[in-house]
Structure formats: C-alpha cells, structure tokens
Amino acid sequence: MNQSLPLWRRAGVDLRLVLMSVLLIAMGVVFHILSGGIFLSPENLYNIAQQTAVVGIVSTVMVLVIVARHIDLSVGSVMGFVGVLIAYLQYTSGWSWPTACLAGLAVALLVSIYQGWLTAVLGVPSFVVTLGGLMSFRGAAFLVADGKTQPVNDEFFQSLGGGYDGGIGVTATWVLTAVVVAILFARMLQKRRARQHHEMPTEAVWVDLLLTAVPAAVLVTFAWTMNHYQISSKTEAQGIPIPVLIWAAVAIVLSFIVHRTRFGRYVFAMGGNPDAAALVGIPVKRVTLMLFALLAVLVTIAAIVSIARLNAGTNSLGTGMELYVIAAAVIGGTALAGGSGSIFGSVLGALIMQSLDSGMLLLDVPIGKRMVIIGQVLIIAVVFDVLYRRKFGES
Amino acid sequence: MAAMIDKTKPLVELREIRKAFGGVHAVDGVSVNLYPGEVVALLGHNGAGKSTLMKMLAGAYPIDSGDTLIAGEKVHIRTPAEAQAQGIETIYQTLALADNLDSVSNLFLGREKMTRWNTLDDHFMEGAARKVFHRLNKNFTNIRVPVRRLSGGQRQVVAISRALYFNARILIMDEPCAALGPEETAMVGRLVKQLKDDGVGIFLITHDMPDVFGLSDRLAVMKNGRLVGTYRTADVTEDEVLGMIIAGKRPEGKTQAEHA
C-alpha cells in the first residue's frame, strides 16, 4: 500500500505548500517586472519581511485556534490595547521596557483567559465572545491613554521592530544562517538513523538531501539578500531584521508544539472530532484555555514588535489586523472547519498577503482597488481549499 | 494465566444506577453484574438506556445515583481517564476516532508515550502500533495516513486496538460489527473469544441476534430505562428475547441469572 503512493507523498511533501511557494515566487517575478526592477530589490524585500512579521506572528497561533474549531476576531483590538498599554507604561508612567512588557503580557493573559473561559467552560461560541472583544478592547485601547499617542524612545526596544538599527548585521546573519543550515542537515541524518534503528523504511539518500537542501538554499538566499540592503547613512548592511527573527523563532516553537507535544496533538484531535477527543479522555476545557493563553503570549509579542516598529503606541494599532491574520492562516491551508492546518503554511500565507499588498502599492494601485483585490484573493484561497480537499479526499 | 482468575467474584457490579436528562429517566434503577471471562449482551430498542448505562461506566456521563463496584471495591468514575485507570476500555459505535490524525496517533490518543524530554515518542508509538495492528489485520500497513482515508474494517481495527494495547480488563463494545463485512465480523468474534479466555469481562451492546447467541454468556434486556431481566443466553430463545425487547415481557418459567 505504502509503495503505491507517489514519492512526494511518501516523503511527506505537502503539495499545497509547494504550490503556494511557486505562487509566491511567480508573484515576486511579475511584480518585479511590472515595477521596473524594484520589487525584488534587497530594500523592498527587507521591508516586506519586517512588515509581514506582526501579522505572521499572530497567524501562527491563529492556525491552532482555527484547527481547534474556534476563531479569535479580537486579536487586532487586544494587540492595540496591550500595545498602547506597554507604550503608556514606558512613556507616561516611566517604567522600564521589560517591566512594561511583562505587565502587558499579564493583561493579555487576563483578557485571553476571560475569553477562553467563556468559550471553553461556559460554551459560548468563540465567534461571539471575540466579536464582542473586537469592540470592547478597541475601546479599552482608547481608554488607556485617553486616545493620546504614546511614543517609545528606548533604542534597544525600537530595534525589536526592525527599522534603522533593527538588523542584526552581516556577520551575525551569516553565522546564524550557517548554524541553522547545519542543524537542518544534522536533523535529517538523525531522523534517518532513528528510523533505521526502529527498523522503519527510509527514503533514498538523494530524496532526503533534496528535501533538506531546498529550504537551506532558500535560507541562504534570504540571508544574502538581507546582507545586501544598506541604508545610505550607515557603514554596514542591515542583515536579517530582528522582527523576522522573532517571527521565525515563534514559527519554530509553534511547529515544535504541533508535532512534538501532547498539547499540539490534542488541539488537532479536538478539531478533527470533538466528541472523540472528550470520549478518549482529553481534557478539552483545559486544552482550550491553554490555547487561549498561548494566543495571549503571541499577541503580546506582536504588540511589542508593532509599537517598536512605529516608535509609538496608538489607539488604532492593529485595526483590521484580525482579517489579515485569519486570511494568512486560510491562504496557508488552514481549514475553517477545523482539524487541519500548518504553521509553515501560515508563514507562506502571510508573505503572499503582504507581497500582494506591497506589490500593488509599488504599482500605485489605489487603496480601494487593493482592498477589492485582496478580499477576492481570500475567496479564491478558500475556493481552492475546497476544491483541493475534494480532489484529495480530505473532506 | 486463565487459571489464576477467580471467576466467582464479579468484576463489575452496577447497583441501582440512575440517570436523568432534563425530566427524562434515561436509566432508572438498573443493576447488572459482569464476571471475569464473561460476555454480557445488553439489549433493547434505541433509547432503551443501554448506551447511556455504558457511557456512565466509561466515564463519559456522570452518574446521578447508584453505586459502581470494580472487583468488589466501590469506585467513583467521573471522567473517561478515570475509567481507563480502572482498566475499562470502550469501543464506541462511532469508533471515537479523530479522522484527521493517523492510526498511530489515534491508538495512543489521550495516552501518548512520551520521551525523557516530555515530547511525543513517535518512533516507539509507530513500532508498537505496527505490532498490535498486525495482530488484528496482517494487510493493514498504511498506518500513517489520516484515518478518514481508511476502510470501515481498518478503522474498526484501530478502535479495537485501543482496548487491546492498553490491556483492558473490562471491555465495553457498542455495536462492534455494525459497519463491518463478514470477514471482519468473524475477526471480531474470534477476538471476543480470545479476550474471554484471557479473563476480560465484556459488555456487548448489539441489535444483532446472531451476535447475541454466538458470543454472549448472559443477556440483559432494557426497556424505557429499566431492566426487564437478566438471563443465561442458553436458557432463552430468540422469540423470548424479542418479546422482552419489544413488549418488556419476561419469559414464563425461566429463572433470572445474576451470576455467570
């Protein structure tokens, strides 16, 4: 039975993710040509990468929320609320940035556990709870500082958002890239050895090598590009922007949670069949609460990156972000019906959304048309999802 | 091994169990015993209360009133995990599988084997799963695809393996053959006999008369949440059983059997 499967499926290659990567590259090339050679320039790619980070960070956990058959429409508002609070504590109350961030995290956890409790324990649909939250916490973001913009001035804090000093520099970029590439190959070898040790079939060496070499090559290309963007007033190139590093770390941690921990497996089981999950003894309520707590942590991280990038917290921070976050998850192959989705998919989804938006901006497409197009792209993504699942018998 | 098991002491004693949903008495003062190495068939119409009774034993519903004794000791089973800790395994009619996960994940769902670093030990679980699936069906090798892509028989193998792998001493089977072809039904029958020999006590919920007479030692009939009667399967005829199920009428001149 196993042998009759095509090679790419046996090797665990997700065809959908491959298609999306191709789409992303094609989009880049088309925009590059139309924009007269600007789109794929190091400067533009640097900006796209760091602009996508905030939406990307929240999208990774939104994947899990949707997989568990929930939704969170309040992420943009909660991020605004927490962001303004962190900025307010630093600027108006004079707190140091670490204490302000911890206070922000505590408030985000309270908000999330309140919403999670209503959803998990009382059984109120998360759509309703977080729709209320969308409104309430936008109001709370206004109340924190009476609607006044709160600047943040700490230089280290500002670098968390990218910007002028927000790259890690050339040397650090190359060292980090080399380490990650080495880890990728080491993991491949370790996996082969473990499978042989347990007498399970392994793929041919060239298949495994290719599956490791492609991501490694993408990584090296990215590092090279980031190392070729130099702000004219600086002596060194930027290197990988810090928000992108944070996003990458978040995506790796969440992938680990999905594949290697009980919690991750339970989230998928609950999404696949909630009744079965309860019958086999999964603590559904506790897992749901933990999921909302995880969401709070990532929304706080996104809020920090976001105010660091803007150098200020404003009460409109993150307005409408929930749509981008959910769209990135859905474009990345997360089924709104629950039970399936991937963290890496959300990374690609967020990049596709942001590239489309930035690309059209470069081409001077007016805001109205951009909104019309992005909305329709989201629908195309869902239609594709439905057709794909029908074709591969996954519904 | 089988000689060591004391077959005179009940494994499960359910006493005066009651359960109401809203104003409806789904289970109304039912008492049933189960002995080691015995199969007790639970019969009745849809809505007679047999599945509800078993869900209480499996920890899926809390009991309103009544006592549960396992091997002579009074226990309070409030969650499926507590039932599993008592050695109670359940094979639901719906199979209770997460369709999006593969067979290995489903086999260990809720009871994952962890490594030293508290991460999922996938290699161990895959190896163990291969062995237990192989025991039930030698042709079942595509164990790493989501179970929604499997046939009814393969899905059943996964559900049964959950009970087998974790060494059930009490097994609840809810319509185990409902979705199966003849070959797979025979496999379930062989398995039931093998588990009996190992001293496992089995509650079998079924509508299928050949299953009742082919597999069970005793049968208990429920109607409208109440127990009509418990008899040795060998003592009653199919017509008498149908009379109990449909009309709630006890067969004349037959003695009830509280013991195996």
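Me: Where does A:Tyr388 lie, and what makes that stretch a helix?
Reply: A:Tyr388 lies in helix H16 of chain A, residues 367-391. Helices are DSSP runs of H or I with at least four residues, strands are runs of E with at least two, and both are numbered from the N terminus. This is a predicted model, in which local features need pLDDT of at least 70 and side-chain atom pairs count only at pLDDT 80 or more, while totals for chains, interfaces and linings use all residues. Residues are numbered from 1 along each chain as its sequence is written, and chains are lettered from A and ligands numbered from 1 in the order in which they are written.

Me: Why is A:Tyr388 called partly exposed?
Reply: A residue is buried if 20 or more other C-beta atoms, placed from the backbone, lie within 10 Å of its own, exposed if 12 or fewer do, and partly exposed in between. A:Tyr388 has 15 such atoms within 10 Å, so the residue is partly exposed.

Me: What separates the C-alpha atoms of A:Tyr388 and A:Arg16?
Reply: The separation is 8.3 Å, although the two residues are 372 residues apart along the chain.

Me: How do you know that H15(A) is largely enclosed by the rest of the structure?
Reply: Of its 20 residues, 15 are buried, so H15(A) is largely enclosed.

Me: How does the reach of H15(A) compare with the expected span?
Reply: The expected span of a helix is 1.5 Å times one less than its number of residues. Helix H15 of chain A, residues 343-362, reaches 29 Å from its first C-alpha to its last, close to the expected 28 Å. After H15(A) comes A:Asp364, with a positive phi near 60 degrees.

Me: What are the domains of chain A, and where do their bounds come from?
Reply: The bounds come from an automatic or database domain assignment. Domain 1 of chain A is 15-166 + 241-391, and domain 2 is 168-237. Their C-alpha centres lie 25 Å apart.

Me: What makes two residues count as being in contact, and how many does each domain of chain A supply?
Reply: Two residues are in contact if their C-beta atoms, placed from the backbone, lie within 7 Å. Domain 1 of chain A supplies seven residues and domain 2 of chain A supplies six. On the domain 1 side, helix H3 (42-67) and helix H10 (242-260) of chain A each give two or more residues, and H3(A) gives the most, with four.

Me: Which classes are found on that side of domain 1 of chain A?
Reply: Ala, Val, Leu, Ile, Met, Phe, Trp, Tyr, Cys and Pro count as nonpolar, Asp, Glu, Lys and Arg as charged, and the others, Gly among them, as polar. The side of domain 1 of chain A that touches domain 2 has six nonpolar, no polar and one charged residues.

Me: How many residues join chain B to chain A?
Reply: 24 residues of chain B are in contact with 24 residues of chain A. Helix H2 (80-85) and helix H4 (122-136) of chain B each supply at least two residues of the chain B side. That side divides into ten nonpolar, ten polar and four charged residues.

Me: Why is chain B called as compact as a globular protein of its length?
Reply: The radius of gyration is taken over C-alpha atoms, and the globule rule is 2.2 Å times the number of residues to the power 0.38. For 260 residues the rule gives 18 Å, and chain B has 19 Å, close to that value, so the chain is as compact as a globular protein of that length.
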